[in-house]
Structures are given as structure tokens and as C-alpha cells.
Amino acid sequence: MVRRMINSPLTILGLVLVLLIIITAIFAPVIATHNPTEVNLLSKLEGPSGEHFFGTDEVGRDIFSRIVYGTRISLKIGLLVVLISFPIGTILGAIAGYIGGRIDQIIMRATDIFLSFPGIILAMSIAAALGPSIENVLLALAATWWPWYTRIVRSSVLSLKNSEFIEASRALGANPFRILFKEVIPNAIAPASIQASLDLGFVILAAAGLSFIGLGAQPPSPEWGAMLSSSREIIRDAWWAATFPGIAILITVLGFNLMGDGLRDVLDPKQR
Amino acid sequence: MDALRYVFKRILLMIPILIGISILTFFISNTIPGDPARLILGPKATPDGIEELREEMGLNDPLYVQYGRYVNGIFHGDLGESTYSQQPVIDDLERYFPATLELTLFAMLITVLIGIPFGVISASKKDKLPDQFTRVFALLGVAMPAFWLGLLFLLLFYLKLGILPGSGRLDNGVSPPDMITGMYTVDALLTGNMVAFKSALIHLILPGITQAAVTIGMITRMTRSSMLEVLQSDYIRTAQAKGGSENRVLYGHALRNGIMPVITLLGMTFGHALGGSVLVESVFSWPGLGKYAVNAITYLDFPAVMGVTLLIALLFITVNLIIDTMYHLIDPRLKYN
């Protein structure tokens, strides 16, 4: 299994990128060359140089250092959204699939309703109702993301439900909740967790988008989407301000995507 | 006849979804943002004043009465009044919607014209250079923030090279064609107004490509994997053995079957493009629903945000209904159940 992963250069690239992002987030204070929020009007709108690797923005903040610190924000959003929505989605999906009947109907109709909005639109309206802040974007994204896990887990549970080892636990008289949590969910969780690792990237992308339209992180926060948003004012004079934060998003999303694709190839070869 | 019955059944099935959508939007717009009366009156409001306005706005009624009023409003095209434009939201939506529809349809056209051939070529040259190239291209497309790509396009083609316009729908001085659909390119063609057509088309290029970048990636990947599956089947080998030319086998035999999963994905892609319009329109100052929504967010104009949300959800499920119907019409194996 490990060999198959190592054999795919793209998966390796994904792992390396993800590792790089995690290291950057942890060691941000060491890697950053400047204080990410320090304003220095004397050095505003400077192009990339040895002093400022990625140049400076409209108030002289060092873009490289801001991007480095931004890793923390993006990674935190990605992880928290998945950590909130994954368990909720998984439990609901398992209940729907395992118990079936009316409960299944209700849960699945609820997912239908949530999925009848393009994700970013629903997240946008929830975040707008809650008020612009990074925490609210996090809640809004979690509220839009869970139905995907519910659907995936439900379909794996349905295919597991009548397998012999579940039948055996039932015959032994195990408590249904025990069967659900000890037998069904652990065995049904693989495809959904692959999706979750892919989603880390997509959540980060969506959060950057919401920040770009002013819902998420507020300036002066070094959030990548918010940085791109304010770069629009100076795009004529400072191409670097509009370029590097986007590359950071691209690399991060790409890293998680490649890693997720690699995991899928290893764990679920049918899907290739 | 079968097709009609299928559509009818699907529309019936849409009813619970529509009710669900209205409950969800009601919940978001009426329950989350705290006390609307307090919001309207501001920080200096007296408790009595708030109570009075609450009574007047019907906020003291039971929730189901409020919900009933909300749904009744929707049926009468009453989505509230935009606090920013001071116009009924429905009128604003009517004004901005054609621009979004035009942009999204244009982006979908680019997606289909590029994504499907790329996927086919990629599959037919599996693991060779063209395949590697398209796969990397598709990967980047899916991982790229569209609004960032838009900024780069703006920087390069508008600010540096100056060869394409970077904002709006028409050049200054060109007046919009007579209103028929509200989509400038279509209206200009229908009225034979070539000046407006050319201008409208040129303005569509950058936002259209930007919006299509993500969906091209999605469609390319889907076409590729679907084609790979089909290309291994016996009837393709038969067609090849009978000496059919490569292109004939690929496009005449394989694509016909390989295209089916791609069609279902088109509905989702359309939703993605509609959602993306919020970001892309704000980059290119494209006067559509997305720009309207972003403006509304900036000015805390909540009825407007909810209006856009509701309209896009309705559009999304309608498009999916159309696509599912198409799917059933194209694939005779499915018997409308």
C-alpha cells in the first residue's frame, strides 16, 4: 500500500506540499521575515526584493510574511470545518443507512435541500446573516458541507448493512447503538474520509472566496482571500500583491487534492 | 408521452424540495440575524419603540404565521425591499439576472467546447504527452481560485497589454441592444445590431474564461475517466477491428456512450458556475446577481442577499431537472423511473 503511494509522483508531490504547508504554519514566526501586520508607510508598494521577497502592500506590510502567517488561518479553517462537518455528516449518514425507514427519508430530504443550493451561495447567505467574521465563515461552511458526508456514509452503510459480521453482532444480541458505532461506522468511514482529505483543500478555497467578497477575515488579517481582495485597489502599481497570495491558495489546494487523490487510489482502487 | 410523465413526476418531487428551500431561507433570513426591529431602529431605540415595530412587522406572531407570510410573499413576487437600492428586491433581481445568465451560459459553452474534446484526447492518448498535459491543466483548473485567475487576466490582458476590456458589459458609447432577453449578445444578434454584438462578445471573454477555468477542469476529468471505461469495451474493439478510423471510433462510437456521465455532471457544473459568478462578477464589475449580492453584503442589505440565494437555488434545481430529462431522452435504456 505504501509502495503504491510512493510509486505515484503526483501523490508524493501532494504529500510534500501538505507537509510544507503544515511546517510553514507551525514555524510561521521563524520563517516570516517581518511582522505581518506592521505598517511601514516608508516602504509601501515596493516590488519583490531581497528585503521583501514578495514585495510590500499599500501600507508597506511585507507580503511574504503575511502569506506565511496566512497559512495558519487557512489551515485552521480547513481543519475546523472538516472536523465539525465530518462527524455530523457521518453520524447522520450512518443512522440514515442503518435504521432506514422514515428517519432515513427525513435525513436524506434534508441533504437534498442543502444540496439544492450551490455551496458557496448557501455559505454566503448564512455568513451574511451571522455577520462578517472568520468564525462565522467557518460555521457557514460547516453548515453547507455535512450533507456530502451523509450521502457517502449512507451509501457505504447500505452496502455493509447485511454483511455477515454485522449480522453476527446482531445475532449475538449486541445493542444497536453499539453495532452502529463499533461495527458499522468504522467500516463505512473510508470513502468519506478520503473525501474529507480532498475537502480540506476545497474548504480553504471556499473560505478564501468568502473573504474575497468581504465576509470572512477582515483586513488587516493576513488571510489570503482578504489580501487578494485589497490588492484590487493597487493592482495597477503592484502586480505582486495580486499574484502571490493566489499562488499560496493554489499550492495549498493542489497539495490536499493530490494527497486525497493518492489516498483514494490506494484505499479504493475501484474509483480510479 | 413517457417523457412528459417523467417531467411531471419530477416536478411533483420538486415540491418537498421547494418547501425545504423556503424553510431554510426563512430560517436564515428571519431567525439568525437577531432582532430585525432592533437592527432597523439602531442602537438608540427604546424598548417601547422596538416592541411597537415588532408588533407592526408581525415579529410577535407565531413562527408558522410568519413563515406563511414569507411564502405568500414569495408567491406574489414579494422578496422584501432592498435596503440599499430602496427598490423591491424582485425588480433588482430582474434587472441583474440576465447578465449573470449570459455570463454563465457563455462559460458553460466554453466549458463544453474545450472540456469534452480535452477529455477525449486525454483518454485516447492515455499516459502520453497530451494526456499528461491535459491532466495537469485540469488539476490546476480545479485547485485554482477563479477570482485570482480573474485578477491575473485583468492585470495581463487589460492593464498591461490593453487588448481586452476588463469591466462592464459594453464599451462606453455603445448603447445596449433593444431588450428582448436582456442578454446583450443574444439581443444584439436578434436585432442585427452588430456593433453591440461585437462589443458585448469582447466583454464576455475575460470573465467567461475565468468562470470556465474551474468547470473545464471538472468536465475534462469526468470525460477522461468515462471515456477510458468505454474504450475498453468490446464494441469499441469491434469497431476498431472493422477498420473504423480513429476519429470515427472515438467520436462516433465511444463519445456517444462516454458522454452520459458527463451530462449529469453538467448540472452540477452549472451550479458551480452560478456560485462562482459571485466572485468572478465582482472581479470584472460585471453587473449581474453576483455583483449585486456582493454589494448587498457590503451594505448589510440582507433582503437582497436572500433574494439572490433563493433565485440561484431555484435556477439550480430547474437546470438539474432539465438535464435529468435530457439524460432520459438521450439514453433509451432508462425507462423514466
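This report describes the aromatic contacts, annotated spans, nonpolar cores and domains of a predicted model.

## Aromatic pairs and clusters

Across all chains, the structure contains 15 aromatic pairs. One of them joins Phe114(A) and Trp146(A), whose ring centres are 5.2 Å apart and whose planes meet at 65°; the pair is therefore edge-to-face, since planes over 60 degrees apart fall into that class. Phe114(A) belongs to helix H5 (residues 101–115) of chain A, while Trp146(A) belongs to helix H7 (residues 134–160) of chain A, so the pair ties together parts that are 32 residues apart in sequence. Both Phe114(A) and Trp146(A) are buried.

Chain A also holds an aromatic cluster formed by Phe53(A), Phe54(A), Phe64(A), Trp239(A), Trp240(A) and Phe244(A). In chain B, a ring takes part in a contact with a charge: the charged end of Arg169(B) sits over the ring of Tyr184(B), at 3.7 Å from the ring centre.

## Annotated spans of chain A

An unreviewed UniProt entry carries the annotation "transmembrane region" for residues 12–32, 77–101, 113–131, 200–217 and 238–259 of chain A. In the model, the span of residues 12–32 of chain A is 90% helix and 0% strand, with its end C-alpha atoms 26 Å apart. Residues 113–131 of chain A are 79% helix and 0% strand, and the end C-alpha atoms of this span lie 23 Å apart.

Phe114(A), which is buried, falls within the annotated span 113–131 of chain A. Trp239(A), Trp240(A) and Phe244(A), members of the aromatic cluster, fall within the annotated span 238–259 of chain A.

## Nonpolar cores

The largest nonpolar core comprises 151 residues, of which Met124(A), Leu141(A), Ile213(A) and Leu215(A) touch the most other members. Helix H11 (residues 246–283) of chain B makes the greatest contribution to this core, giving 17 residues. At least three residues of the core come from each of domain 1 (2–75) and domain 2 (97–287) of chain B.

Leaving aside residues up to four places away in sequence, Ile213(A) touches Met124(A) in its own chain and Val278(B), Leu279(B), Ser282(B), Val294(B) and Ile297(B) in chain B. A second, separate core has nine residues, among them Ala99(B), Ile110(B), Ala212(B) and Trp286(B).

## Domains of chain B

The domain assignment divides chain B into domain 1 (2–75) and domain 2 (97–287). Taken over C-alpha atoms, the centres of domain 1 of chain B and domain 2 of chain B are separated by 37 Å.

Methods
Residues numbered from 1 in each chain as written. Chains lettered and ligands numbered in written order. Predicted model: local features only at pLDDT ≥ 70, side-chain atom pairs only at ≥ 80, totals over all residues. Heavy atoms only, no water. Phe/Tyr/Trp six-rings, centres within 6.5 Å; stacked < 30°, edge-to-face > 60°. Helix = DSSP H or I, 4+ residues; strand = E, 2+ residues; numbered from the N terminus. Buried < 20%, exposed > 50% of the residue type's maximum accessible area, 1.4 Å probe, protein only. Lys NZ or Arg CZ within 6 Å of the ring centre and 35° of its normal. UniProt positions renumbered as here; feature names shortened; annotations may be inferred. Core = buried A, V, L, I, M, F, W, Y, C linked by side-chain atoms within 4.5 Å. Domains from an automatic or database assignment. Contact = heavy atoms within 4.5 Å.
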